[in-house]
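Dear colleague,

I am handing over the structure we spoke of, and below it you will find what turned up when I went through it. Please keep the sequence and the 3D view open while you read.

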Amino acid sequence: MNADVEGLDALPSTHGRRRGTPEDRDGTDSPVVKGRLVVAVALLDDDRRVLAARRREPHPYAGMWEFPGGKVEPGEHELDALVRECREELDVEIEVGPPLGEVGLSSPGWVLRVWLGRVTRQQPRLVEHDELRWLGVAELDDVRWMPADGPLVAELRRVLSTPGSLF
Ligand SMILES: Nc1nc2c([nH]c(=O)n2[C@H]2C[C@H](O)[C@@H](COP(=O)(O)OP(=O)(O)OP(=O)(O)O)O2)c(=O)[nH]1
């Protein structure tokens, strides 16, 4: 994790119907050429709680909470990057569900794209973060999210508050 992308300047969230499972990719999952995409996942458990992870670095972000994820590498598919980041950061395997939305980051051209997902193997463990919490919908405001994440958390609140299946 490093500081060369800053959160802020949120764009409207875009919760949609596209499924992000590797078996169900569409044309938007193209390899990233310029490496300006950050992907992350709102991992949900069976009690409709979401996994929040507290950053331990770098200084401006240390102590803030985020959705697990990271930068897509040049030439890498975004969902491959998401799976890779979850392995690296949490030591878990995940299933990716529908998109939650995306926001612009303050570094020009950088975008943070977030999906719903769930853990399919292992319990998340601390590797790169210093704390993990499963938050229910009533607890979403209990942590200090990264500044850019506001619209994504708001959309997540809406999604979790709407009865019915999330995937
Ligand atoms: N994963 C994640 N990143 C976020 C969120 N909100 C937000 O502003 N960001 C920003 C912070 C960073 O500028 C950027 C992610 O970069 P990072 O440094 O964590 O990426 P990385 O894991 O690939 O780290 P590195 O290999 O570059 O060291 O996106 C979020 O909810 N999750």
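Among contacts between residues at least 6 apart in sequence, 76% join residues that are at least 24 apart. Please bear in mind throughout that this is a predicted model. Of the 167 residues of the protein, 48% count as buried, and the accessible surface comes to about 8000 Å², with 48% of that surface belonging to carbon and sulfur atoms.

As for the fold, the secondary structure consists of two helices and seven strands, and if you follow the chain from the N terminus the elements come in the order β-β-β-β-α-β-β-β-α. Four of the strands form an open sheet with mixed pairing, in the order β4-β1-β6-β5. Strands β4 (69-71) and β5 (93-104) stand at the edges with a single partner strand each, so one side of each is left without a neighbour in the sheet. From one strand to the next, the twist averages 20°. Strand β1 (residues 37-43) runs antiparallel to β4 and is joined to β4 by three bridges; within this pairing, alanine 40 stands opposite glycine 69 in β4.

Both helices pack on this sheet. Helix α1 (residues 78-90) touches β1, β4, β5 and β6 (111-121), and its direction makes about 65° with that of β1. Helix α2 (residues 150-161) touches β1, β5 and β6, and the direction of α2 makes about 125° with that of β5.

Turning to charged side chains, a search of the whole structure finds 16 salt bridges, of which I describe a few here. Arginine 84 pairs with glutamate 76, the closest N and O atoms being 2.7 Å apart, and both of these residues are buried. Glutamate 93 forms a salt bridge with arginine 87, where the closest N and O atoms are 2.9 Å apart; arginine 87 has a relative accessible area of 44% and is therefore partly exposed. Aspartate 141 and arginine 157 also meet through their side chains in a salt bridge, at 2.8 Å from N to O. This pair links distant parts of the chain, since aspartate 141 lies in the loop between β7 (129-135) and α2 whereas arginine 157 belongs to helix α2, 16 residues apart. Aspartate 141 is exposed, with a relative accessible area of 61%, while arginine 157, at 27%, is partly exposed. There is also a network in which salt bridges that share partners join Glu73, Glu76, Arg84, Glu85 and Glu88.

Finally, some points about the backbone deserve a look in the loops. A cis peptide bond, with omega at about -15°, joins glutamate 57 and proline 58, and proline 58 lies in the loop between β2 (50-55) and β3 (65-66). Arginine 48, in the loop between β1 and β2, has a phi near 60°, which is a positive value in a residue other than glycine; the relative accessible area of arginine 48 is 27%, so this residue counts as partly exposed. Glutamine 122, located in the loop between β6 and β7, likewise has a positive phi without being glycine, with a value near 80°, and at 43% relative accessibility glutamine 122 counts as partly exposed.

With kind regards

Key:
Residues numbered from 1 in each chain as written. Predicted model: local features only at pLDDT ≥ 70, side-chain atom pairs only at ≥ 80, totals over all residues. Heavy atoms only, no water. Buried < 20%, exposed > 50% of the residue type's maximum accessible area, 1.4 Å probe, protein only. Contact = heavy atoms within 4.5 Å. Areas by Shrake-Rupley, 256 points an atom, 1.4 Å probe, with all protein chains shown as cover. Pairing = 2+ DSSP bridges. Axes fitted to C-alpha atoms, helices over the stretch in contact; angles between N-to-C directions. Salt bridge = Lys/Arg side-chain N within 4 Å of Asp/Glu carboxyl O.
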